[in-house]
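The following exercises are meant to be worked through with the sequence and the model side by side. Try each task before reading its solution.

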Amino acid sequence: MSMSTLWLEIELHSELCAANGDGTSGVVDIEIASEYGLPVIPAKRIKGCLREVALELQACGLGESLDVLFGVPGEQYSGALHLEDAHLFEIPSASKHFKLEPQEYESVREETKAKGKKFQQHLLDELTMLRTRTAIDEDHGSAADGSLRTMRVLQAGIKLRSRIELIFAAQTDPSTIAQAQLLLERCVKGLRSIGLGRTRGMGEVRCSLKVGEQLQDFVQQKCDLKGTEEIEVPFRLKLEQPVLIPGNGGLYHSSASSIPGSVLLGALAGTFIRQKGLGAQAHTDPDFARIFLRGGVKFGYALPVSRDQVFAPCPANWQRVKNEDQVYDVPGAGELEDQEGGQLELRSLSYYVYLQSNMLYKYELEKEVRMHHSRPQDRNYAHPKGPDRGVNEGQFFQYTSLSEGQLFEGTLRGSSDDLNQLLGCLGAENNQLRLGRSRTAEYGKVRFERMESASPVLYESPASVQSARQITICLYTPMVLVDRNGRAEANPDLLIEQLSEALGSQVQLGESRLKFGVLAGYNAQWRMPKPQTPVLEAGTTIVLQLEKGTFSAEQITMIESTRWGSRTGEGCGALRVLSLVDKAISAKGMKLETFTNALVEAVTSGFLENMEKLIEERSKRRKEYTEGREAAKNDKNKYEQARTGSTKLRQYWNLAKHKQFKAPSDKESKVKEKPELTKLLAILLKVQEKSPAFINGYFQTLIWEARNRNE
């Protein structure tokens, strides 16, 4: 595999609006894309603009490698070009310490996130301006009714940087790689405008490619696993970009709250194919067939993790008292009554949770919605015509995704030889994976890290396990159960049969709380959706007991460490034994609280310090401007008495800005003058000593008042 890293540097030569489809009611109709007050240009916009240039070059006979670089819509394999969002890099007319280096961006973003929305808005105001526009009524030649709109624009002179990765398969011909790189260079040189209003002077840019430096030395994954038996390797995934994994409501309206094992299987299979150069004949390779097609390695679900605690879907028997933060284990707590002797109203919980002592922490996953659009195939039209015009006429759409920066933890199970091969392939790609949809631009980039030990899921395991006559299990991944005829059915009796066979004793089904769902997916090789399979959903709780005797400690440990049902290679069928939770907690109940992440470490970069100074200066100017306006309202009667019009006020304004008013000499003071002019001169002498912001506010207000008088 061939991989190279470049920086796309974008310098704004005019104001730019990369809209995010949102607005602020009554203030801004069109907002720009930003991350916690830091402006960005989304990667899909950049890639779309580069592709437009490539199509123009192709029309001139200079775009031979367009499909290699950008890919072909609907094809199995993506193009070589992978882009990230363009982030703030340099502020115009600033010192060298006013740059935001790429390695500092993540920590600065987290710091601005921690400072709150007020600071984020001040930061955005410092880097942007508001512009108003109208549309012309063709019949009357004047502004059309209701067409006045306000848009936020990024100031000219600002520089942004986007990270580019060119990834070619191992079997790609070197001449094809050279042609694709040449086409990219030409596209970058030809990219002259981005964003809204490109035909009206906005969005003018100058782009250049810089050789990408390695941001940090990533630790190569150890490939020294030993042993002949199946072993388990825990890992963590850090989302470096938003990740698109469809939820139950579909790709456009929902996002999964965890990363399924099938997604990891597909991503690692793609990595294996690229590193080994297998191409379309991968299924004939014995190692690939064993690891990915015959279940040689089992890929577990990656669940959200923070502070070494893995959060899982809340068990169905942990229920919350209505309008309260008290949670009980039902029926573990027995009959529940309120203070008046009535039965408590309980509600199920749909959160990811972790139990620590008697505190049940709920984890609120960060998700975001981003707006996108596709242009019509007819390039004479720059905007979508709408879905009612046809598939090729462009459309607006949105994606719901997991926000970047979050951590997920899971496990890989397999032989040491197979796991060593996978870790070696990951190390060759800087421990980087591409997950989910739209992986070549704006979405999908994650960082893989092997862990020495696995973090506890749902609750901390006790030091020792005691035998029990009855146990309660909770699924934390979906369970696929198949009957003897090979038909999938969400029936817990099928699990009882499997458990009885594995334990050698008849297991009986007790009181259970079942949650049903459907497991679907997408097969990239077929380019078709997978068949929908009924499953017992994560959060299902089932009570088990033996017909004779008790569950031994070894049996309980085996039940918890085994994945049950079918499709276990994709992480399905994982569970925890809730009976191991302290029974006193079940009786007294649990306190529900929202989990908060640890505070971000202080940023060493001087970027935010400089920005805070600018924000303070802006705030000071606004205050002085307001003071100037108030002073003008108090003095306006004196200007009215002197019959001072807007033209004269502009002359006074210019003199005050340059401090050209002078007090009269003794000889001049003896000259008989109009008393109202003498009073004005005294006022203007004081005004010119004020700050520029005060002077601007003072005279602007006087001019507005003079115009209103004339009207």
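**Exercise 1.** In which sense do strand 21 and strand 35 pair, and over how many bridges?

*Solution.* The model is a predicted one, in which local features need pLDDT of at least 70 and side-chain atom pairs count only at pLDDT 80 or more, while totals for chains, interfaces and linings use all residues. Residues are numbered from 1 along each chain as its sequence is written, and side-chain values use heavy atoms, with hydrogens and water left out. Strands (E, at least two residues) and helices (H or I, at least four) are DSSP runs numbered from the N terminus, and two strands pair if DSSP finds at least two bridges between them. Strand 21 and strand 35 pair in the parallel sense, over four bridges, and within this pairing tyrosine 361 stands opposite glutamate 593 of strand 35. Both strands belong to an open sheet of seven strands with mixed pairing, in the order 16-20-21-35-18-17-19. Strand 16 (312–313) and strand 19 (346–348) each have a single partner strand, so one side of each is left without a neighbour in the sheet.

**Exercise 2.** Determine which partners strand 8 (residues 159–168) has and how far it is covered.

*Solution.* Begin with strand 1 (residues 2–12), which pairs with strand 8 in the antiparallel sense over ten bridges; here methionine 3 has isoleucine 167 as its bridge partner. Finally, ten of the ten residues of strand 8 are buried, where buried means under 20% relative accessible area, exposed over 50% and partly exposed in between (1.4 Å probe, protein chains only). Both faces are covered, with Arg161 among the buried residues on one side and Leu160 among those on the other.

**Exercise 3.** Describe the surroundings of phenylalanine 272 and classify its aromatic pair with phenylalanine 292.

*Solution.* Phenylalanine 272 is found in helix 6 (residues 261–276) and is buried, with a relative accessible area of 1%. Leaving aside residues up to four places away in sequence, phenylalanine 272 touches residues including Leu278, Phe288, Gln421 and Cys425, a contact being heavy atoms within 4.5 Å. For the ring pair, the rule is that rings of Phe, Tyr and Trp (its six-membered ring) pair if their centres lie within 6.5 Å, planes under 30 degrees apart counting as stacked, over 60 as edge-to-face and the rest as tilted. This rule gives 17 aromatic pairs. The pair of phenylalanine 272 and phenylalanine 292, at 5.6 Å centre to centre and 70° between the planes, is edge-to-face. Since phenylalanine 292 lies in helix 7 (residues 286–293), the pair ties together parts that are 20 residues apart in sequence.
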